[in-house]
Amino acid sequence: MPEPESLAAGPCQKVDDGMARVFELFGKRWTGLIVAVLLQHPVHFADLRRAIPGISERMLSDRLTELGAAGLVVREVDEGPPLRVSYRLTEAGAALEPALKELGAWAEAHLPGSGPCPGPLGK
């Protein structure tokens, strides 16, 4: 039985280019969590790392570099002493807030939860 026309994938049908670019960036582990933390306010590197359990310094640095190259995050050096680096979202990065809130609401409604946040050291 042939597929209905509405379900058949034609030879030239492909994923929307914009959607492909979004998932190329946000499909990488940690990226969405970094942006979610930065939605609240600018954050120093060490605080950002503490806010995302399990991320290594190297991975955080790599993801921040990618987000910067995409025009979503700005790195700012706070004059010391001590010299500290903070990160904030650009206007384009902050514009992701409605979409990320929608995804969070969808997850609450459709994905099994893991319960409340664990206390210190997973207690």
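Trainee: Is Thr31 buried or exposed?

Mentor: The model is predicted, and every value here is computed from it. A residue counts as buried under 20% relative accessible area. Thr31 has a relative accessible area of 1%, and therefore it is buried.

Trainee: Which residues does Thr31 touch, leaving aside those up to four places away in sequence?

Mentor: Thr31 touches Leu25, Phe26, Arg63 and Leu67. Thr31 itself belongs to helix H2, which spans residues 31-40.

Trainee: Which strands does helix H2 lie across?

Mentor: Helix H2 lies across S1, S2 and S3, and runs at about 95° to S3.

Trainee: In what order do these strands stand in the sheet?

Mentor: As a general idea, strands of a sheet pair through backbone hydrogen bonds, either parallel or antiparallel. In this model, 3 strands form an open sheet in the order S1-S3-S2, with antiparallel pairing. Strand S1 (43-44) and strand S2 (73-78) are at the edges with a single partner strand each, so one side of each has no neighbour in the sheet.

Trainee: How many bridges join S2 to S3?

Mentor: The antiparallel strands S2 and S3 (residues 84-89) are joined by 6 bridges. Within this region, Asp78 stands opposite Arg84 in S3.

Trainee: What is the accessible surface of the protein chain as a whole?

Mentor: The accessible surface comes to about 9400 Å², and 59% of it belongs to carbon and sulfur atoms. Of the 123 residues in the protein chain, 18% are buried.

Trainee: What pattern do the helices and strands follow along the sequence?

Mentor: The protein chain has 6 helices and 3 strands, and the pattern reads α-α-β-α-α-β-β-α-α.

Trainee: What share of the contacts with a separation of 6 or more joins residues 24 or more positions apart?

Mentor: Such residues account for 45% of those contacts in the protein chain.

Note on methods: Residues are numbered from 1 along each chain as its sequence is written. This is a predicted model: local features need pLDDT of at least 70, side-chain atom pairs count only at pLDDT 80 or more; totals for chains, interfaces and linings use all residues. Side-chain values use heavy atoms; hydrogens and water are left out. Helices (H or I, at least four residues) and strands (E, at least two) are DSSP runs, numbered from the N terminus. Buried means under 20% relative accessible area, exposed over 50%, partly exposed in between (1.4 Å probe, protein chains only). Contact means heavy atoms within 4.5 Å. Accessible areas come from the Shrake-Rupley method with a 1.4 Å probe; for residues, only the protein chains shown count as cover. Two strands pair if DSSP finds at least two bridges between them. Axes are lines fitted to C-alpha atoms, for helices over the stretch in contact, and angles run from 0 to 180 degrees between N-to-C directions.
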